[in-house]
Amino acid sequence: MAAISRAADPTEVFERMPVPQALMKMAIPTIISQLVALFYNVADTFFIGQADTTSDSAMVAASSLVLTVFMLTIPLSSLFGSGGGSLVVRLLGQKEEEEAKKVASYSLGMSVIVSLAFSLICLIFMDPLLRFLGADDSSIGYAKQYLLYVVVIGGVPTVVSHTMSTLVRNVGHSREAGFGLSMGGLLNVALDPLFMFVIMPDGYAVMGAAIATMLSNIISLIYFIFVYKKLQATTVLSFPRSLPKLQKSSLKSLYAVGVPAALSPFFFDIDNMVMNRLASGYDGGIAAMGIILKVERLPLNIDIGISLAMMPLVAYNYASKNFKRMRSFFSTARVAGVLVALACIVFYRTFASEIMSAFLPHADAEYIIRGSEYLKARCLATPFMFLSFQMVNLMQAFGQGKASFYLSLIRHIILFLPVMFILNYFFGMMGIAYTQLTADIINVITSYIIYWHVNKKIIKPEEKLLAEAAV
């Protein structure tokens with residue numbers, strides 16, 4: 001287990017460390033954990049694709065369908081991880097440590113309750129849910145295997161471990177947070193082939209992959225329990241014996257940020273569900289988009305790591321009214337994220353055929369060509385996707401839940417879904433592939449207008465008051 005870091009001054013990274021160094025210190029462990037999470041999600045699809053020459057497409061389609069349900073664990077963990085974690089770091093910036101401790105404890109307790117309810121719902125409505133997502137007779141059996149272990153049994157440890165990771169990172173222990181998620185991901189990659197090809201009999205590769213994912217998330221949760229026990233003496237983190245009573249302002253602030261933070265990936269998941277439904281009308285479309293949605297996560301997960309590292313740094317300095325340092329964190333993260341996205345566009349457009357062939361080695365040449373064209377189109381959206389969700393994270397850092405909600409609603413519901421139906425109608429599957437680029441170009445423009453409004457109405461007046469008080 002990674003050693004628990006005990007900095008002499010836990011506020012150094014927030015207040016005094018040079019901006020690029022502080023961002024790097026917080027971002028590197030977070031990026032590594034995001035990449036490992038990507039690796040193990042992609043590994044499931046990759047290993048399943050190698051499993052059987054006659055049913056690999058059905059298996060890949062099944063894992064892709066269940067991925068949209070599994071991804072709902074992200075909004076559940078974001079509800080109390082981002083909502084509670086953002087509030088905790090703002091309270092620390094305001095030197096309100098006792099309330100910060102209560103908020104952290106409440107967030108952890110509620111994540112257990114909500115994730116348990118989610119797992120039970122998925123168990124009760126398993127068949128109609130999978131049919132709605134596009135499962136047919138060839139894939140629904142595999143999909144049920146995957147859903148049972150990954151979501152029904154593994155949902156609670158997945159949500160709770162991710163919530164704990166966010167809270168650990170937001171109190172300044174990014175290394176421990178990153179290590180816990182990375183360890184779980186690496187275990188998943190190691191256990192996948194063991195369960196799929198050694199332990200489980202032929203025809204049960206999907207179940208083997210699901211069991212590997214479930215076990216890795218359980219082990220990750222156990223790690224975070226030990227981390228929490230170590231950090232209780234030096235941070236505001238603790239295990240709740242019961243749900244603590246929060247101040248009304250804290251409760252309102254937690255859900256004002258947490259609900260939009262949860263809705264953002266939930267809206268994204270809805271987009272993917274509808275996209276899978278439309279893609280299922282094209283030969284091999286659903287399997288191709290399932291692969292593309294996973295491989296495009298390389299730049300996005302790096303950029304998500306940058307934004308997640310940025311958020312507590314911005315939130316702390318916003319709360320302590322160090323607006324110059326706050327803006328430096330935002331601009332530095334923006335430049336880094338866009339550069340990563342541009343580099344990956346070049347990579348994907350150069351090696352699109354090789355990527356598709358690696359995931360579906362048994363597919364014919366025409367299928368690979370079509371999938372490659374979809375990937376080349378979709379990857380163009382990555383810089384705009386980063387700028388969109390970075391702005392959402394910025395609003396969360398400010399505690400501006402309403403602005404964060406509007407940004408998510410505009411991007412995923414008002415823009416993406418109508419654009420997708422229109423482009424699908426006129427251009428078919430290629431129109432679906434270009435939907436993200438079209439919608440996010442419009443969304444980035446809209447999001448910066450909203451940021452300008454928040455800056456003008458909230459931040460600038462506070463800066464003016466500080467300047468007048470200094471005089």
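User: Leaving aside neighbours within four places in sequence, which residues is Asn-317 in contact with?
Analyst: This is a predicted model. Asn-317 lies in helix 13, which covers residues 297-319. With its neighbours within four places in sequence left out, the residues in contact with Asn-317 are Phe-14, Asn-322, Phe-323, Arg-325, Met-326 and Phe-329.

User: Is Asn-317 buried or exposed?
Analyst: A residue is called buried when its relative accessible area is under 20%. Asn-317 has a relative accessibility of 1%. Asn-317 therefore counts as buried.

User: How is Ile-368 classed, buried or exposed?
Analyst: Ile-368 is placed in helix 15, residues 365-378. Its relative accessibility is 9%, and the cut-off for buried is under 20%. Ile-368 is therefore classed as buried.

User: What is the C-alpha to C-alpha distance between Ile-368 and Ile-355?
Analyst: In sequence, Ile-368 and Ile-355 are 13 residues apart. In space, C-alpha to C-alpha, the distance between them is 9.2 Å.

User: How many aromatic pairs are there?
Analyst: Rings pair if their centres lie within 6.5 Å. By this rule, the count of aromatic pairs is 15.

User: What is the geometry of the aromatic pair formed by Phe-386 and Phe-389?
Analyst: The ring centres of Phe-386 and Phe-389 are 5.9 Å apart, with 85 degrees between the planes. Planes over 60 degrees apart count as edge-to-face. The pair formed by Phe-386 and Phe-389 is therefore edge-to-face.

User: Why are Phe-386 and Phe-389 separated by about one helical turn?
Analyst: Both Phe-386 and Phe-389 are buried. They belong to helix 16, residues 382-398. The separation is about one helical turn because, within that helix, Phe-386 and Phe-389 are three residues apart.

User: Are Tyr-425 and Phe-426 buried or exposed?
Analyst: Tyr-425 and Phe-426 form an edge-to-face aromatic pair, 5.1 Å centre to centre with 90 degrees between the planes. The relative accessible area is 68% for Tyr-425 and 57% for Phe-426. Exposed means over 50%, so Tyr-425 and Phe-426 are each exposed.

User: Which residues do ring pairs link into a cluster with Tyr-106?
Analyst: The cluster that contains Tyr-106 is joined by ring pairs. The residues linked with Tyr-106 are Phe-80 and Tyr-255.

User: What is the area of the nonpolar surface patch that includes Leu-123?
Analyst: Leu-123 is in helix 5, residues 97-124, and is partly exposed at 43% relative accessible area. Patches are made of residues over 30%. Leu-123 makes the patch together with Leu-116, Leu-120, Ile-121, Ile-124 and Phe-125. The area of this patch is about 610 Å².

Terms used. Residues are numbered from 1 along each chain as its sequence is written. This is a predicted model: local features need pLDDT of at least 70, side-chain atom pairs count only at pLDDT 80 or more; totals for chains, interfaces and linings use all residues. Side-chain values use heavy atoms; hydrogens and water are left out. Patches are made of residues with over 30% relative accessible area and no salt bridge: like charges are joined within 9 Å, nonpolar side chains (Val, Leu, Ile, Met, Phe, Trp, Tyr) within 5 Å. Accessible areas come from the Shrake-Rupley method with a 1.4 Å probe; for residues, only the protein chains shown count as cover. A salt bridge is a side-chain nitrogen of Lys or Arg within 4 Å of a carboxyl oxygen of Asp or Glu. Helices (H or I, at least four residues) and strands (E, at least two) are DSSP runs, numbered from the N terminus. Buried means under 20% relative accessible area, exposed over 50%, partly exposed in between (1.4 Å probe, protein chains only). Contact means heavy atoms within 4.5 Å. Rings of Phe, Tyr and Trp (its six-membered ring) pair if their centres lie within 6.5 Å; planes under 30 degrees apart count as stacked, over 60 as edge-to-face and the rest as tilted.
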